[in-house]
Amino acid sequence: MLELRGTKIAYRGVEVVHGVDFRIAPGEVVGMIGPNGAGKSSVLRAICGLLRPSDGEVLFEGRTLNGMAPERIARLGVALVPEGRQVFRTLTVAENLRLGAWSVEEGEAAIGRTLERFPILRERAGEHADRLSGGERQQLAIARALLGRPRLLILDEPSLGLGPKTIDAIYELLGELREEGTTMLLVEQNAARTIDFCDRCLVLSGGTVRAQGKPGELRGDFDLIRAYLGGRAKRETSNGGVRR
Amino acid sequence: MSAVRLRSRPSLAVSVLAPLVLIALTVAVGTSGTPSLRGTVTTILCEMIVVLGLQVFIGNSGVYSFGQLGFASAGAYAAALLTLPAAFVALQTPGLPDLIANAQLGAVGSTAVAAVACGVLAAVVGLPLMRTSTLAIPISTFAFLVVAYNVIGNWDRVTGGSGGLVSIPRTTGLVSAGLWAAAAAAVALAYKWSTCGYRLQATREDEVAARSLGIGVTGERLIAFALSGTLCGVGGALAVHQSGVLAPTTFYFVASVTTLTMMVAGGARSVFGAVLGTIAVASVNELLRGVEGGDKVLGLFSIGNTPGLAAIGVGLILLATMVALPDGLTSGHEAGELPWIGRLLGRRRVADRAAPPVTAPMGGGKDGAPAKAPVERAGALRAHGIAVAFGGLRVLRGVDLTLRPGEALGLIGPNGAGKTTLVNVLSGFLEPNAGTVELDGVDVSGRSPFRLARAGLTRTFQGALPFPQLSCLESVAVGAMGIGDRRGRAVARAGEVLDRLGLNGRATQPAASLPPAEQRLLGVARALATRPHYLLLDEPAAGLNEAEGEELVAILRGVLEGFGCGILLIEHEMSVVMSLCPRVQVLDDGVTLRIGTPGEIRADPSVIEAYLGHSYLEPANA
């Protein structure tokens, strides 16, 4: 469904992603983990057309996305839930959702169905989005992306700033979407959780894919992954795996 | 600490010399030409001073003012009336007070008096105007321009009215205009890189973050507005002594648009841009004025008399700039920061050089004395019965909180519990419907954020709110400037903080170029530079992986021990909260659910139910 071939990304002449290759098959849930500054967000931005790869190709269902405008890529069915709760703050929750559903025929019904999954949003449908808490905004961003019925759902740190219980709820929801066959590309900092959740994981570090594999395979190499993730520090976890 | 510099020496030298060299070249072109060219170039140099005046306010504040030409007009009238020969006073301005009429000042004297008068006028006018919002200032300054125009145009007995003044002594020469312009450029650069200048630039980059660092937006804007008025007054005074005639329309719409175009074309944030933009736009303008009068285009053909061509040209330049080069010819950089000038000089890009690592120990409390042991401080940050409602939604329903110096208090709770709202109240960004906030025994309820920051209470934000155009070192130094540090000390402090947080390799990079997690860390660094007694951190570990989270804990522990400040930590990453905070307060649905040690909190059934969720416990048992 999605394929990156030798994709390189540079900012003002400085290459930050040095040739990344991977494919995502329909219905597959792929995780991307790696330390801060590894180039994860840059890869996502390149897929969504927010920046143009300096070399290589990004293909979606056989079509090249290179140089295509972000809105056209979105219309092909690639939905990005950006990091940092980017919602339309001056609009109400309901209006935000309506904008997400603009291309869907049965907009109102779809909004209703989506709101069933997010009870807190249903409760606050008439509120302005800037009155929502950080976690509620994150839920709104995800709900809005789902309304476009994406063929490929890309989530950039969906659990950022969320409490443990809310994260559980979000992952429950993502699990349901997986059951429905939604293809997903998921970027997370919480490596253990991502590895467990996804069908397959890519470990990105220093602008290249260092390792990839299925949960079982990666679990065995967990120390190795931690070494990549740790960057500067490689201390043992002190919380005894309380959070996973 | 001399190792820490905001910019390298070559970069600084190029930035200072480039505008001066351009001005010198302009003067040289004028000297070698015909008398008419000399006059034109002199006028351009006077315009340049006005444009530099615009740059001081607009470039550094990021807020457009359409009223600065009113000050140029005031300066021009002041200088003209102070020098008008007695015979012409009786003819043109019979109502002029004797004091002014008899002054008969020289060129320098009249310009200096005009400058001071305009500075005072701008301060007085700015006092109410700068209190209006960022969006209202362009409109209100425009209103000032209209008022100034009408006062001058109708005060016939003093200003000569709409007919204007003639026979004003023409004392401004090419070289003296060049010297004044060079001085104005130096003043604009000195201001930009002064403590005040950096504080104002911080408000341009992010007003909310700037206020959290102790920067009073109104006050900083007022300083720049007055300085801008002074420079515009000088420009006006010199211009009138160049042309010898003056009318209310001399410095009105057309001049406003022209000078704004010059500033924008060059790049509003840059002093070099103001100089370059003035020369570029004025050259095109002069060329078109010639063509409009029937001159041949490039000596080839004439298109006959085409009135309005020059004005259309200026409008088109403004349009083209906005579309193609929104940051102007210089992209808003000073000359030393321009990559192509760096290449021209055969150097690596100066901005790419990392600052040398700073290994000196961290400075301590407000007095700057190195503090090895935790500072023992009495008092605490106390909140009593805080209640906040947004419309019908009651976000906080009577919350108490106590934070002592040297203590780390964790604040956790489900999304929407009201944690950030509570921090907004504590830091002065939100006025509660009920309840009081007390800082070291003083009731500070309703105080503005920047006053609280100066009193030792600083916060960070969920979003990093970086100052995108400032370098990391500048961003952090601004934090220290916000509470009143001089520049040198602020920069030294910034170097220490960056070093402590492991960001010293990023010192000269623009804040916008950092990955999100490091931008958040930069926010913490910025807040630490204000030497807080109480530091409120809103999700500093968001977006960090486990190892990075552990590093942050180590850093914050160092902050607790080295600074002795109290830390209120909002964080969802429980491992961070549990390992740093001996005391944790749980908020749920606007009320305090529980206060206790991490162990008590983790075992509390109500906390598990409301926040942690039952799945949280399973892996620990497994």
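**Stop one: salt bridges**

Keep in mind that this is a predicted model. Searching the whole structure turns up 24 salt bridges over all chains.

Start by selecting E207(B) and R221(B): their side chains form a salt bridge, with N to O at 3.5 Å. E207(B) sits in helix α11 and R221(B) in helix α12, so the pair ties together parts 14 residues apart in sequence. Colour by accessibility and E207(B) comes out partly exposed at 31%, while R221(B) is buried at 3%.

Next, pick R531(B) and D485(B), whose closest N and O atoms are 2.8 Å apart in another salt bridge. This one links distant parts of the chain, 46 residues apart: R531(B) is in the loop between α21 and β9, D485(B) in the loop between α19 and α20. Both R531(B) and D485(B) are buried.

Now go to D604(B) and R594(B), a salt bridge at 2.6 Å. D604(B) lies in the loop between α24 and α25, and R594(B) in strand β12. D604(B) is buried at 10% relative accessible area, and R594(B) is partly exposed at 29%.

**Stop two: between the domains of chain B**

Select 10–252 of chain B as domain 1, and 374–463 plus 533–621 as domain 2. Their C-alpha centres are 49 Å apart. Eight residues on each side are in contact, and the area buried between the two domains is about 670 Å². Highlight R211(B), S212(B) and G214(B), which supply 65% of what domain 1 buries there.

Terms used:
Residues are numbered from 1 along each chain as its sequence is written. Chains are lettered from A and ligands numbered from 1 in the order in which they are written. This is a predicted model: local features need pLDDT of at least 70, side-chain atom pairs count only at pLDDT 80 or more; totals for chains, interfaces and linings use all residues. Side-chain values use heavy atoms; hydrogens and water are left out. Domain bounds come from an automatic or database domain assignment. Contact means heavy atoms within 4.5 Å. Buried area is the accessible area (1.4 Å probe) that two parts lose on being put together, summed over both. A salt bridge is a side-chain nitrogen of Lys or Arg within 4 Å of a carboxyl oxygen of Asp or Glu. Helices (H or I, at least four residues) and strands (E, at least two) are DSSP runs, numbered from the N terminus. Buried means under 20% relative accessible area, exposed over 50%, partly exposed in between (1.4 Å probe, protein chains only).
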